[in-house]
Amino acid sequence: MPRPIRATIDCGALRHNHDIARQHAGAASIWTVVKANGYGHGLLRVAAALADRTDGYALIELDSAIALRAAGISQPILMMEGFYAAAELPLFVEHGLTAVLHCSAQVDMLLGAALPDRLPLCLKLNTGMNRLGFGPDEFALALERVATSGIASSIMLMSHFADADEQRGVAEQLSCFRAMRGDHAYPVTLANSGALLRYSETTGGRGDWVRPGIMFYGSSPFPWLKSAADLGLLPVMTLASELIGVQRLAAGDRVGYGGSFVADQSMRIGMVACGYGDGYPRHAPTGTPILVGGQRTRTLGRVSMDKIAVDLTGIDAAGIGTPVTLWGEGLPADDVAAAAGTVSYELFCALNARVPIIEI
Ligand SMILES: *Cc1c(COP(=O)(O)O)cnc(C)c1O
């Protein structure tokens, strides 16, 4: 018997969630964001599951983009941070990758390279997030340099929202983008999942592209406002394991490293074969939700590398071998993330390579 932990990836749910994105995108095309190994779900698995319905893929890792081409993916691929050195540019040409340009140093590299062919390009505008992108005073020159060089086989304009999933929303950044774009008729790509699901004015029309990620993987971009279920999204990754031990505590007994949980009465607890060495967040406190035998209960004490304790109060039938769900089917990853003070993106990305994956 192997250690009982495994992650199940539901490709049907992935396709369902893509169909939901399609409904919101209207006439716009869809870049499926698959950075960070498809948010931990497996790059090639996600790409293959959606290859019959998505319009393109977006990521930042060059080796992953080349792996997509090697796997037969023929749709456009948007490299959301472009290239980091001129030496990468021949690979962009060879594999037909769309390069984001976000700073004049990249334009210098591009115009200084003697490339055998033109490239699809995407200029990123900084409209207020202040991460990457040309500001209002730099954009016109960058666009002119690129447009007059003849190096672009096509040009798209891109920006990214800081608050599509927050109280502040997108209005300020959207009006900044419109002012910078002016009369240019280039297609645009703006909407992440939060904007796509919340602000239809960000999706654009035919020829434009949306750029969602997290919604494909079945989580809500704004769980404080609407749950994944409210949005019609299905969980894709279910992290499951089993109880491998049971303890009976008396009042005053402590649990785990540091004894951060102390029983205030006699109780039964279970040990789950899952810890931070599998990707479960170590900072998840006592009280983080978890399913044991299908019943919602709570974690107790500190998460260890290989184990977590759970409260078995009221789950009398639970014993060694009882199934446990850490997140996924029956327990939204958003609920676990909220208890652990993080977002489901981080939970998914952290899934460790030692966890076997079952694809359904
Ligand atoms: C990650 C990312 C996205 C997707 O964001 P979600 O919140 O997962 O929908 C879109 N655009 C850029 C630039 C990103 O880095």
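User: Which of the 14 residues around the ligand come nearest?

Analyst: This is a predicted model. Of the 14 residues around the ligand, the nearest are K35, Y39, S193, I214 and Y345.

User: How does the shell around the ligand divide by class?

Analyst: The shell is the set of 14 residues around the ligand. By class, these residues comprise seven nonpolar, four polar and three charged.

User: What is the distance between an oxygen atom of the ligand and a polar side-chain atom of Y39?

Analyst: Y39 is one of the residues that come nearest to the ligand. A pair of N or O atoms within 3.5 Å counts as a polar contact. For the polar side-chain atom of Y39 and an oxygen atom of the ligand, the distance is 2.6 Å.

User: Which residue places a polar backbone atom 2.8 Å from an oxygen atom of the ligand?

Analyst: The side chain of R211 has an N or O atom 2.9 Å from a nitrogen atom of the ligand. The backbone atom in question, 2.8 Å from a ligand oxygen, belongs to G213.

User: What percentage of the ligand's accessible area does the protein cover?

Analyst: On its own, the ligand has 390 Å² of accessible area.

User: What is the volume of the pocket whose space the ligand takes?

Analyst: The ligand takes the space of the largest pocket. The volume of the largest pocket is about 720 Å³.

User: Which lining residues are closest to the centre of the largest pocket?

Analyst: The lining of the largest pocket has 34 residues, divided into 18 nonpolar, eight polar and eight charged. Those closest to the centre of this pocket are K35, H160, D165, N192 and Y345.

User: Which element gives the largest share of the lining of the largest pocket?

Analyst: The elements that give two or more residues to this lining are α2 (35–39), α9 (193–198), α10 (333–339) and α11 (344–349). The largest share is three residues, and it comes from α10.

User: What is the volume of the largest cavity?

Analyst: The structure holds one cavity of 30 Å³ or more. The lining of the largest cavity includes K124, R131, S159, H160 and Q173, and its residues divide into three nonpolar, six polar and two charged. The volume of the largest cavity is about 50 Å³.

Technical notes: Residues numbered from 1 in each chain as written. Predicted model: local features only at pLDDT ≥ 70, side-chain atom pairs only at ≥ 80, totals over all residues. Heavy atoms only, no water. Near = heavy atom within 4 Å. Polar contact = N/O pair within 3.5 Å; in protein donor to acceptor, adjacent residues only side chain to side chain. Areas by Shrake-Rupley, 256 points an atom, 1.4 Å probe, with all protein chains shown as cover. 1 Å grid on protein atoms, 1.4 Å probe; cavity = no way out; pocket = protein on both sides within 12 Å on 5 of 7 lines; lining within 4 Å. Sits in = over half its atoms within 2 Å of the grid points. Nonpolar A, V, L, I, M, F, W, Y, C, P; charged D, E, K, R; others polar. Points joined across faces, edges and corners; volume = space filled by probe spheres on them. Helix = DSSP H or I, 4+ residues; strand = E, 2+ residues; numbered from the N terminus.
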